[in-house]
Amino acid sequence: MPTTPLISGYGLQRHYRRGIETVRALDGVDLEIRAGESLAVIGPSGSGKTTLLNVLAGLDAPTGGQLTIGGQRVDGLSEQQLTTVRRGFFGFVFQNFHLIPTLTVAENIVLPLLFLRRPVVRHEVEQVLEAVGLSHRAHHYPRELSGGQMQRVAVGRALIVRPRVLVADEPTGNLDTVTADAIVSLFLTLVNREGLALLLSTHNLELASRCDRIIRLKDGQIVPPVSPPQSLR
Amino acid sequence: MNYGILAWKNLARRPVRTALTVVGVGMATAVAVSLGGFNLGFRAAISRSIEQLGFQVMIMAKGCPYEAATLMLKGGTGLLYLPESAHEQIRTDPDIEAITPVFLGVAEKPAGGPEENTGPSAFTLIAGIERESYAKMKPWLQFKSGPGFDGGRWFSPDAAAEAVMGFEAAEYEQRKVGDLFYITVVPHGKTEPEFHAFRIVGVLERTGTQDDGTVFVPLHTAQRIFGREGQLTIVGVTLRQFNAIRMREFEGRWMSIPEVQVVSLEQVKGALVSLVGTAQTMVAAVAVIAILVAMIGVLNAILMSVYERTAEFGILKAIGAERRQIFYLVCLETLILCFAGALAGSGVAAGGAGLTDATLRRLLNLGLTQPMVLITPRLLAAAIGGAIALGLLAALWPAARAAALRPVEAIRNQE
Ligand SMILES: Nc1ncnc2c1ncn2[C@@H]1O[C@H](COP(=O)(O)OP(=O)(O)OP(=O)(O)O)[C@@H](O)[C@H]1O
Ligand SMILES: [Mg+2]
């Protein structure tokens, strides 16, 4: 029996005006994401993957369509109101890690708690460090870490607020295949163990295929899955 | 984890820029504190110096009140004289509490004596006074005691060759009670200098006023040796009730004496204050420029730091920071910068107050004996508060910019 979706979007649009021309970065996307589900978004560069993730996560406001996050209609909300909806509901991981270089691993991980005015609970931090495999690096600075380790810190920072949805925009884009594989494994473990939803965009079909569902974007629209012709099977 | 650590670590990221900004704030604060200290100190110094004259009102020959002021404080030259009869008239005024006639003259110290003195101070200020009324006007005058000074007293009224020395005069001339002191004077209307010897009968304690450098002799002796019998330099007066109305009434009663002007020391104070006012305006202009430069420095440092961290602020907002939290963070960084700078600058100004005082003294020789730079805790608190307020003012715009960043754009533009 399907649970109510954490996020649902209908006819989602994100148009940009560039002079007289309109860029349809997102052009009528219907989508639902439920808890414990992993969804991979693939598509060529410029197809709208980042835009879709940002809109679904309340980082960017859709210019059309309906969007519900956590049971609350959010289309038409101001940026400030979106912040309130977003806080604590989403955890973000980016391609370029975006760690704060002046903070240690542990400090980077607990940073969101400061803004959410939540206390830092020591064993929770230890749990997260453990989960991302960085217990022995807690007091290192980002510059002392490898790319894969930096991305693990970013995952830890996303997890510390106990989010419902993990949003990862090309999280493996800057990592070698082995490390990328390990990061995706980490994500899937978390989805299974914690019942998170995972929204992952990637160029890597192999990684995408490890998720429960794949959607393919092209020019801001979802392309229906095409079964390969019999002859190629 | 807290905002303080976050702000501090960010400032530490660019140590040179942070240090330069702090130095800028520090310099501006130091200038402002020194100027404020001068403003406070110099008014207080003028007030104290004038209070210590003991008079509220001076009767003097018509002339410039500025001259009157410096004359009293420094013992100037080019003295003007008024007739003794004016004193006789004015002393009958019912509002007078005390009145004392003073004759001032500048004597030369004889060359070729056993203790020959050919320095710049080969001159001595001689004050001819009436001992009772003078001592009544200045009740704080006391005789120095100790070996060589014990038994100090005022000259007897009819002793023509007795003198009392001010503290510094005695120290400078190395005279003790019982010693002789020599001067030469060219009497008014004559061309040949005349030689005089005085027996020192007392040396005064230090007062911090011009009295310290003066040699006191009986009034009539002074008038006689300077060849100006029946003339006075000033008449010092205190009134029973000193206020603007009483002062004007008093002035009105005695303005009629033709050669005489009545000068309230409040007036003199005002004149001195405005004399220094011009200099203060110039220094204030420098301070304003220093403050503006420091503010621009703060603005620049914070703005650059905000620009550099565009993506970072985008991330902070993505992970949950609200506008006001970002705004607060940027303001906190500014606050740390300004507080550190203001603290350092105040320290420098307070520590260097003596030096500032000496410099000002060389520039504006008003003969004030009190310190001209007075740095109070309130002044320091005001300076630090002001630095923080102005710094935050400079940070408003960068902080608002950082707070208004939209996470998507901030992250995208920096990728
Ligand atoms: N701020 C903007 N103004 C105008 N056009 C934009 C803006 N942001 C994105 N676009 C356009 O929207 C389209 C989708 O961009 P998006 O970044 O979502 O693609 P993507 O699938 O994530 O690509 P990539 O794989 O290269 O990351 C692109 O054509 C892009 O040029
Ligand atoms: Mg993208």
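Modeller: To start with the ligand, ligand 1 lies between chains A and B. This is a predicted model, where local features need pLDDT of at least 70 and side-chain atom pairs count only at pLDDT 80 or more, while totals for chains, interfaces and linings use all residues. Residues are numbered from 1 along each chain as its sequence is written, chains are lettered from A and ligands numbered from 1 in the order written, and side-chain values use heavy atoms, without hydrogens and water.

Colleague: Which residues come nearest to ligand 1?
Modeller: Ser45(A), Gly46(A), Lys49(A), Thr50(A) and Thr51(A), out of 15 residues around the ligand. A residue counts as near if one of its heavy atoms lies within 4 Å.

Colleague: What lies 2.5 Å from an oxygen atom of ligand 1?
Modeller: A polar side-chain atom of Ser45(A). Gly46(A) has a backbone N or O atom 2.8 Å from an oxygen atom of the ligand, and Arg18(A) has a polar side-chain atom 3.1 Å from a nitrogen atom of ligand 1.

Colleague: And how much of ligand 1 does the protein bury?
Modeller: The protein buries 73% of the 640 Å² that ligand 1 exposes when taken alone. Those accessible areas come from the Shrake-Rupley method with a 1.4 Å probe.

Colleague: Now the two chains. How many residues of chain B are in contact with chain A?
Modeller: 27 residues of chain B are in contact with 31 residues of chain A, contact being heavy atoms within 4.5 Å. About 2,600 Å² is buried between the chains, and carbon and sulfur atoms give 62% of it. Buried area is the accessible area (1.4 Å probe) that two parts lose on being put together, summed over both.

Colleague: Which three residues of chain B supply more of its area than any other three?
Modeller: Met1(B), Lys9(B) and Ile319(B), with 24% of the area that chain B buries against chain A.

Colleague: What does Lys9(B) form a salt bridge with?
Modeller: Glu107(A), with the closest N and O atoms 2.6 Å apart. The rule asks for a side-chain nitrogen of Lys or Arg within 4 Å of a carboxyl oxygen of Asp or Glu. It finds six salt bridges across this interface.

Colleague: Why would such side chains pair?
Modeller: Side chains of opposite charge can pair when their charged atoms come close.

Colleague: How many salt bridges are there over all chains?
Modeller: The count comes to 31. One of these salt bridges joins Glu37(A) and Arg213(A), at 3.0 Å between the closest N and O atoms.

Key:
Polar contact = N/O pair within 3.5 Å; in protein donor to acceptor, adjacent residues only side chain to side chain.
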